[in-house]
Amino acid sequence: LRPPSARREALDPYHDTTQRHPRRAPQVRDKDERAKLLQDELEKMPKNVNRNLYTYRIMDIINSIAKQKTEIDKIIQDVRQVQKDINSIGERLQRAEVLADEKIFVKANQAKKDPAMVQSYRYLSDLRAKFDDLIDVVSGIGRKESEARDLEGKTAQLLERVSKNNIERILEDLGQVQAENQTLIAQIRAKKNASA
């Protein structure tokens, strides 16, 4: 940045222009006021902005995102492995069930007079039906829990979006108020210059 005296010297050609072109004088005056306001605002800003701190924070955020991504990948791998295990055990259970069903059915048909074999076959059928019902209930609970997590995530996103929209509105309103203040300051200065 140039020192204030150098800036004034840089503005002198504009003053020469206003003397040569009187119609442009209001525009130059407005530009001068705007330059002074910006200069005042610049002087009010903190001079010791530590970019290294901002860079460090950004790098820290990037590193934490990378760690989270790695953890998410591990969780996805675990979920896939669990799903494979569930499928494998389910297939093994189904094969064992078919084998038990077949053996009990054959024994029950061979010994129609043995009511215990017939009763055990009925119990096996009832047991299979109860397990099917149990699996349906557990699957339903899993789906409902998944839906609940999805809804919680969507709710969090909506709340974040609403708060973000509110912040944006507040910042927009603040910008409008600052613009109005600048306009009022310019009007006051214009009145002071006109009366002086």
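Val106 is partly exposed, with a relative accessible area of 37%. A residue counts as buried under 20% and as exposed over 50%, so a value of 37% puts Val106 in between. The residue belongs to helix H3. This is a predicted model, and the values given here are computed from it.

Along the chain, Val106 and Tyr121 are 15 residues apart. Their C-alpha atoms are separated by 9.8 Å.

## Overall make-up and confidence

The chain has four helices and zero strands. Read from the N terminus, the order of its elements is α-α-α-α. Of its 196 residues, 5% count as buried.

The mean pLDDT of the chain is 79, and 83% of the residues reach 70 or more. Confidence is lowest in helix H1, residues 4–20, where the mean is 56. Helix H3, residues 51–110, has the highest confidence, at 85.

## Helix H2

Helix H2 covers residues 25–44 and has 20 residues. From its first C-alpha to its last, helix H2 reaches 28 Å, close to the 28 Å expected at 1.5 Å a residue. The buried residues of H2 are Ala25, Val28, Glu33, Leu37 and Gln39.

Arg34 is also found in helix H2. Arg34 and Gln182 are 148 residues apart in sequence, and the distance between them in space is 9.0 Å, C-alpha to C-alpha.

## The aromatic pair

The count of aromatic pairs comes to one. The rings of Phe105 and Tyr121 have their centres 5.4 Å apart, with their planes at 55°. Planes under 30 degrees apart would count as stacked and those over 60 as edge-to-face, so the pair is tilted.

Phe105 has a relative accessible area of 39% and is partly exposed. Tyr121 is partly exposed as well, at 23%; buried would require a value under 20%.

## The second largest pocket

Rolling a probe the size of a water molecule over the atoms shows where empty space is left. The second largest pocket has a volume of about 250 Å³.

Its lining includes Gly90, Leu93, Gln94, Ala96 and Glu97. Leu124, Leu127, Arg128, Phe131, Asp132, Leu134 and Ile135 also line the second largest pocket. Helices H3 and H4 each supply at least two residues of this lining, and H4 gives the most, with seven. By type, the lining of the second largest pocket divides into seven nonpolar, two polar and three charged residues.

Note on methods
Residues numbered from 1 in each chain as written. Predicted model: local features only at pLDDT ≥ 70, side-chain atom pairs only at ≥ 80, totals over all residues. Heavy atoms only, no water. pLDDT = per-residue confidence, 0-100. Phe/Tyr/Trp six-rings, centres within 6.5 Å; stacked < 30°, edge-to-face > 60°. Buried < 20%, exposed > 50% of the residue type's maximum accessible area, 1.4 Å probe, protein only. Expected span 1.5 Å × (residues − 1). 1 Å grid on protein atoms, 1.4 Å probe; cavity = no way out; pocket = protein on both sides within 12 Å on 5 of 7 lines; lining within 4 Å. Points joined across faces, edges and corners; volume = space filled by probe spheres on them. Nonpolar A, V, L, I, M, F, W, Y, C, P; charged D, E, K, R; others polar.
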